[in-house]
Amino acid sequence: MSTTTFLATILKPNTSPNFWSQTAWAVLRAVVGIVMIHNGLDKLGNIESFSQAYVEYIGLPFPIFFSYLAALTETIGAPLVAIGFLTRPAAFGLFGTMCVAMYHHILVAGLNLSYLELSAVYAVCFLFFTVNGGGLFSTDALIANWLDASAFSMQAKRIMRLEKAYQAQSVAEMVSKS
């Protein structure tokens, strides 16, 4: 498998070529990504306090290191999810962070839903994007299309509004073959 094919495979989201489902997918991705950013910024605001109250409490080694890892995952990964660039790896990191947050909440309060609900909703959203990618309206989809022109169906390209670019490329290929 060539590097280009490998990258296109990783970046290409699962596609349901339906404008409205892809629009909802993009809105969810943007909202969840944007809203998550403040969590990382809050951690960076007082990393020592976060380290003591959360990371040391659950017994992870190197609490300052893991506190910075969580904060940077949230401040870097969340905007990547929001714009749909490297969506799967960014969402996977954020999913892991939310799983650790859920574990902390369970240690502190047991299975109290009021403590778990926000981190659980975030975790499920990030798991969705880990599995499905950023959708047709993402930077990943544009890059996957650029790397491999056959990565998407014509219907998907129409939804992405790339059909003109696809047709122009096809015409250019036909002219060059003549």
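Visitor: Quick one. Is phenylalanine 62 buried or exposed?
Guide: Exposed. Its relative accessible area is 61%, and the cut-off for exposed is over 50%. Keep in mind that this is a predicted model.

Visitor: Where is phenylalanine 62 found?
Guide: In the loop between α3 (47–58) and α4.

Visitor: Which other residue has a positive phi without being glycine?
Guide: Leucine 86 is one, with phi near 55°. Leucine 86 is placed in the loop between α4 and α5. Leucine 86 counts as partly exposed, at 36% relative accessibility.

Visitor: Switching to packing. What is in the largest nonpolar core?
Guide: That core has 14 residues. Met36, Val81, Leu94, Met98, Tyr122 and Phe126 have the most contacts inside it.

Visitor: Which elements give two or more residues to this core?
Guide: α2, α4 (63–83), α5 (87–109) and α6 (113–132). The largest share comes from α6, with 5 residues.

Visitor: Which residues does phenylalanine 126 touch?
Guide: Leaving out residues up to four places away in sequence, phenylalanine 126 touches Val32, Met36, Val81, Ala91, Leu94, Phe95 and Met98.

Visitor: And the second core, how many residues?
Guide: 9 residues, in a separate core. Ala151, Phe152, Ala156 and Ile159 are among them.

Visitor: Now α2 and α4. At what angle do they cross?
Guide: Roughly 160°, and their axes come within 7 Å. Angles over 145 degrees count as roughly antiparallel, so α2 and α4 are roughly antiparallel to each other.

Visitor: Left-handed or right-handed crossing?
Guide: Left-handed.

Visitor: Which residues make the contact?
Guide: From α2, they include Arg29, Gly33, Met36, Ile37 and Leu44. From α4, they include Tyr68, Glu74, Ala78, Val81 and Ile83.

Visitor: How do the contact residues divide into nonpolar, polar and charged?
Guide: The contact of α2 with α4 has 14 nonpolar, 4 polar and 3 charged residues.

Visitor: Last topic. Where is alanine 26?
Guide: In helix α2, which covers residues 19–45.

Visitor: Why does alanine 26 count as buried?
Guide: Because its relative accessible area is 15%, and buried means under 20%.

Visitor: How many residues apart are alanine 26 and glycine 134 in sequence, and how far in space?
Guide: 108 residues apart in sequence. In space, alanine 26 and glycine 134 are 7.3 Å apart, C-alpha to C-alpha.

Terms used: Residues are numbered from 1 along each chain as its sequence is written. This is a predicted model: local features need pLDDT of at least 70, side-chain atom pairs count only at pLDDT 80 or more; totals for chains, interfaces and linings use all residues. Side-chain values use heavy atoms; hydrogens and water are left out. Helices (H or I, at least four residues) and strands (E, at least two) are DSSP runs, numbered from the N terminus. Buried means under 20% relative accessible area, exposed over 50%, partly exposed in between (1.4 Å probe, protein chains only). A nonpolar core is a set of buried Ala, Val, Leu, Ile, Met, Phe, Trp, Tyr and Cys residues joined through side-chain atoms within 4.5 Å. Contact means heavy atoms within 4.5 Å. Axes are lines fitted to C-alpha atoms, for helices over the stretch in contact, and angles run from 0 to 180 degrees between N-to-C directions. Angles under 35 degrees count as roughly parallel, over 145 as roughly antiparallel, 65 to 115 as roughly perpendicular and the rest as oblique. A crossing is left-handed if the near helix is turned anticlockwise from the far one by less than a right angle, and right-handed if clockwise. Ala, Val, Leu, Ile, Met, Phe, Trp, Tyr, Cys and Pro count as nonpolar, Asp, Glu, Lys and Arg as charged, and the others, Gly among them, as polar.
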